[in-house]
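Q: Could you take a close look at one spot in this model and walk me through what surrounds it?

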Amino acid sequence: MDKLMELLANGKFLEATVETLVYVVFAMGIGGVLGLIIGVLLTVSRQGGILQNRALYWTLNFLVNFFRPIPFVILIAAIQPLARLVVGTGIGDRALIFVLVFAATFGIARLVEQNLLTVPPGVIEASRAMGAGPLRTILTVLIPEGLGPVVLGYTFAFIAVVDMTAMAGVIGGGGLGNLALQYGYRQFNPWVTWSAVLIIIAIVQLVQLLGNVFARKLLRR
């Protein structure tokens with residue numbers, strides 16, 4: 001308990017919470033956009049899609065299937081050389097954010113694809129029958145019609161990214177997960193560990209609630 005009060009007094013919990021949120025915002029912001037683009041391309045380029053393109057589909061599908069199953073802690077080590085090339089370092093917050101964006105991109109891409117495939121083909125065919133081109137159909141029919149399930153998918157991705165931030169300490173990052181491991185688990189202090197866990201749970205519950213409410217409104221349009 002004394003260690004917990006000390007960490008609270010010197011602002012360590014607040015600092016770790018802010019770090020976690022910064023990591024997640026960058027990962028979901030950049031990775032969310034890239035994942036959306038790849039997910040849409042996967043949907044429209046598949047066989048029978050609006051812009052059927054076998055080469056593009058199989059290339060993107062291979063990349064997603066290749067990188068998405070890699071455990072995050074292994075991915076950190078595997079793409080460290082790429083992180084050095086892109087962000088100039090293989091350790092610290094910049095490297096961690098790069099790996100989070102990388103992982104989020106391929107994870108979100110698959111979620112987007114799976115949710116957009118729930119859009120009834122008849123809706124898309126009706127749009128094409130009225131003379132809408134492929135791009136217009138994608139922007140005004142496919143994405144809007146699948147937006148409710150996609151929002152739920154992004155909510156799931158947010159939670160997954162929060163889980164990934166627990167591995168920040170592997171390359172010198174911070175955040176609540178690292179604080180729980182460093183000051184809680186490794187120092188046999190359950191007060192610190194569970195305090196960090198409860199903050200993470202509160203963040204996740206709030207985002208899950210907002211995601212559910214937003215998705216419900218979209219589905220009732």
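A: Let's start at leucine 75: leaving aside residues up to four places away in sequence, leucine 75 touches Phe67, Ile70, Val99, Phe102 and Ala103, where contact means heavy atoms within 4.5 Å. Keep in mind that this is a predicted model, so local features need pLDDT of at least 70, side-chain atom pairs count only at pLDDT 80 or more, and totals for chains, interfaces and linings use all residues. Residues are numbered from 1 along each chain as its sequence is written, and side-chain values use heavy atoms, with hydrogens and water left out.

Now zoom out a bit. The largest nonpolar core has 59 residues, and Leu75 is among the four that touch the most other members, along with Met28, Phe72 and Leu100. Such a core is a set of buried Ala, Val, Leu, Ile, Met, Phe, Trp, Tyr and Cys residues joined through side-chain atoms within 4.5 Å; buried means under 20% relative accessible area, exposed over 50%, and partly exposed in between (1.4 Å probe, protein chains only). Elements giving two or more residues to this core include H2, H3, helix H4 (72-78) and H6, and H6 gives the most, with 16 residues. Helices here are DSSP runs (H or I, at least four residues), numbered from the N terminus. As a rule, nonpolar side chains in soluble globular proteins tend to be buried together.
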